[in-house]
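Dear colleague,

I am handing over the structure below, and I would be glad if you kept it open while you read. After it I set out, chain by chain, what was found.

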Amino acid sequence: MPSTGNFMNENHSEVIKVSNLSAGYGNEVVLRNVSFSIFESEIVTILGTSGCGKSTLLKCLVGLLEPISGNILIFGHDVVKAGFTNEVRLKTGVLFQASGLIGSFSVFDNVALPLRENTNWPESWIRDLVYLKLEMVRLADAARLMPSELSGGMKKRAGLARALVLDPPLLFCDEPLAGLDPVTASEIDELLLELNQNLNITLVVVTHELASIERISDRCIMLDQDVKGILAMGTVEELKKPDQPLKVRNFFGRHEKIKSKNGEKSV
Amino acid sequence: MSDEITIPIEKAENLDDFYSFWEHLEKKISTLNPSQVNIIIKSNIRATSGLFVLLDKIQDYCLNRKIDLKIHWESEQTKKFLNNFKAFVKHVHIKPIRPRKNPLVGLVEKIGWLSIAQIQEIKDFIIFTGKFSLCCVKCFSKPGRFRLSELLYNLDHVGTRAMVIVGTMSALVGLVTAFQASIQLRQFGANIFVADLVALAMIRELSPLITAILMAGRTTSAFTAEIGTMKINEELDSLKTINVDPFYFLVIPKTISSVVAGPLLTIWSVFTGFLGGMTVAFLALEVTPSSFLQEAHGILTISDLWVGFLKSLVFSFIVGMTGCFMGLETGHGADAVGRQTTKAVVRTLFSIVIADAFITLLSYAFNW
C-alpha cells in the first residue's frame with residue numbers, strides 16, 4: 001500500500017513544479033495562480049467536483065492547452081516557455097478518458113505506434129516489447145483485436161499499454177475509471193499501483209472516484225470552482241481531518257455516509 | 001579468441017540507446033568471439049521494460065552461441081526492480097506469427113467472403129425494402145404516424161437547397177450538348193434539329209441522371225452520415241427503448257422526401273437544360289427560342305415524359321433508400337461512418353446506372 005507519509009523531502013526529486021499557473025478558455029479563467037509540486041514515484045490524485053478545472057489543469061500539464069500565465073517545469077524543463085520538446089514528450093505518458101486508441105489500428109499496432117514512430121528498433125524487438133506491455137495490462141490475448149471489439153475496461157488497459165510503451169517515468173491519467181464497473185475499476189487501480197511500485201513511475205491521476213482516491217493516492221490535490229484553484233492538498237487522512245474546509249469534509253464525508261448506509265443494508 | 005569482455009551499460013536516455021548498445025555488443029562479440037561476457041549496469045540506469053527486452057535478447061544470443069553471461073548491477077535497487085518486474089511478467093507468452101497463407105488460396109478465400117457478404121447485403125436490402133413498403137401502407141391506414149414536419153424539413157434540405165447546383169449543372173450540360181451538336185448540324189444546314197437533340201437528351205436521359213448523381217452526392221451521403229452517427233451515439237437504440245420505430249421516425253420521412261424532391265428537381269433540371277440549349281441555339285445557330293420550343297414540342301411524345309419521370313422516380317427512390325439502409329447498417333467506431341458514407345454513395349451511383357440501363361431496355365422493348 002502507498003505510504004501516507006509526506007513525499008516532500010530530499011529523497012525524492014521534483015518531477016513537476018507548477019508555479020502561479022492561470023488557465024482557462026477564451027475570457028473565462030478556470031484556474032488562477034495555482035502552485036504545487038509533484039515528486040518522484042508518488043501517486044498524486046487531482047480531485048474535485050465537475051467543472052472545477054481538473055481536466056484544464058491536466059491539459060496544461062500535458063501540453064494540450066496553453067496557460068494564460070505561470071510556469072510549469074517537467075523534469076526541470078520549462079514547458080510553457082520552450083514547449084513540449086521531444087525529450088519531455090518521451091518522458092511522459094498520457095492515458096485518456098476515452099483511451100484515444102486509433103480505431104483503424106489493431107490493439108497491437110496501437111501499442112507499437114509510439115515505438116515505430118520514435119525509435120529505430122527492429123520489428124522483432126518492437127514485437128517483444130509490445131507483448132510485454134500487453135501482458136503487463138493482461139491483454140496479450142487481445143493483441144489482434146480492433147478497438148471497437150474491446151470492452152470499456154479492455155480499452156482503458158490497451159490505452160495504458162500504449163501510454164507506457166516508451167517507458168515514461170511520468171504518467172498522466174485522465175479519469176481512468178470513468179464508465180467502468182467497480183470490479184474493473186479496482187483492477188485498473190491495482191495496475192496503476194503495480195506500475196508505481198514495480199517500475200517506479202510517478203502518477204498524476206485526475207479522478208473523482210472516492211474509492212479509487214483512497215486506494216491509490218499518496219497525496220491529493222483538491223480543486224474548487226469558487227476558489228478557481230487548490231482548495232486543499234495533502235494525504236487522504238489529512239483531508240479527512242475536521243480542520244479542513246467544509247467542502248473538503250463534505251466531499252469525503254458523503255462517501256463515508258454512503259459507506260455506512262451500505263454497511264447497514266448488508267447486515 | 002579472447003576469454004572475456006566487459007561492457008557497461010552507461011546511457012539509457014531513450015529506447016534507441018538500448019538498441020545502439022545491442023548493435024555495439026553484437027559487433028564486439030562477433031569480432032572478439034569471447035567465452036564470457038560481463039555486462040555492467042550502471043547505477044544511473046533506470047529499470048524499464050526496454051532494459052528488460054535488451055537483457056532478454058542478450059541472454060538468448062549468448063545462450064545460442066554458448067557464451068557465459070554475467071550481469072553486474074551497480075544499483076541494488078535497479079536489480080530488485082527488475083526482479084520484481086520479471087516476477088510481474090513471468091507469464092509473458094509471445095504469440096508466434098501466423099504462417100502466411102498461399103496468396104492464391106487467400107485471394108479465392110477473399111473473393112468467397114466478399115461474395116457471401118454481398119449476397120447477405122442484397123438480402124438485407126430486399127428485407128429493408130419490404131419493411132419500407134409495409135410501413136408505407138401502415139402509414140396510410142394510420143396517418144398520425146406520419147411525421148409531416150420531418151418530411152418538410154427534409155424536402156427543404158433535399159430539394160430546395162439543391163436547386164442552385166442542379167440548375168447550374170443542367171444549364172451547363174444543356175449548353176454543352178447544344179454546342180457540340182451545333183458544329184455538326186451547321187455543316188448540313190440542319191440547325192433546327194438542335195432542339196430535338198437537347199429536348200430528347202435532357203428529358204429521357206440527362207436530366208434524371210444529373211439530378212440523381214447530384215442527389216447521390218448530397219442526399220445519400222447526408223442520410224447515411226446522419227443515421228450512422230445516430231447509431232454510433234446509441235440514439236437509435238434509445239428510440240427503440242422508448243417504443244419509437246426508427247423506420248417511421250427516420251426512414252419514411254427521408255425516403256419520401258427524396259422521392260418527392262427527385263422528380264421535382266428533374267423538372268427543374270429539364271427547364272434549366274432547355275435554357276442552356278436555347279442560349280447556344282440562338283447565339284450559334286440563329287434558332288429563335290420560339291422555334292426551338294416549337295420544334296421540341298413537335299418531337300416530344302408523352303412517352304418520353306413518362307420515361308424521364310419513371311427514371312427520376314426510381315433514381316430518387318434508390319437515393320433515399322440506399323442512404324437510409326447504409327446508415328442503419330453502420331458498424332462501430334469513429335471511422336465506420338466515413339467508410340459507410342463512401343460505400344453508400346458508390347453503391348447509389350452504381351445502382352442508378354444499372355437502373356438507367358434497365359429502364360432504357362424496357363422502354364426499347366415496349367416501344368415507349
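**What was found in chain A**

Chain A has nine helices and ten strands, where helices (H or I, at least four residues) and strands (E, at least two) are DSSP runs numbered from the N terminus. Please keep in mind that this is a predicted model, in which local features need pLDDT of at least 70 and side-chain atom pairs count only at pLDDT 80 or more, while totals for chains, interfaces and linings use all residues. Residues are numbered from 1 along each chain as its sequence is written, chains are lettered from A and ligands numbered from 1 in the order in which they are written, and side-chain values use heavy atoms, with hydrogens and water left out.

The mean pLDDT of chain A is 84, and 91% of its residues reach 70 or more; pLDDT is the predictor's confidence in each residue, from 0 to 100.

Of the 267 residues of chain A, 53% count as buried, where buried means under 20% relative accessible area, exposed over 50%, and partly exposed in between (1.4 Å probe, protein chains only).

Which residues of helix α3 (residues 107-118) of chain A are buried? They are V107(A), F108(A), N110(A), V111(A), A112(A), P114(A) and L115(A). The buried residues of α3(A) pack against α4 (123-136) and α5 (152-164) of chain A, together with α1 (15-32) of chain B.

**What was found in chain B**

Chain B contains twelve helices and three strands. Its radius of gyration is 35 Å, well over the 21 Å that the globule rule gives for 368 residues, so chain B is more spread out than a compact globule. Taken along the principal axes, the C-alpha atoms of chain B fill a box of roughly 105 × 60 × 40 Å, and 41% of the 368 residues of this chain count as buried. Among the contacts in chain B with a separation of 6 or more, 84% are accounted for by residues 24 or more positions apart.

Chain B averages a pLDDT of 87, and 93% of the residues score at least 70. Among its elements, helix α11 (residues 302-328) of chain B has the highest mean pLDDT, 94, while helix α3 (residues 76-88) of chain B has the lowest, 65.

**Two lysines with positive phi**

K228(A) has a positive phi of about 55° although it is not a glycine, and this residue is found in the loop between β9 (219-224) and β10 (229-234) of chain A. K228(A) counts as partly exposed, at 25% relative accessibility. K66(B) likewise is not a glycine and has a positive phi of about 55°; K66(B) lies in the loop between α2 (49-64) and β3 (68-73) of chain B and is exposed, with a relative accessible area of 75%.

With best wishes

Terms used. Rg over C-alpha atoms; globule rule 2.2 N^0.38 Å. Contact = heavy atoms within 4.5 Å.
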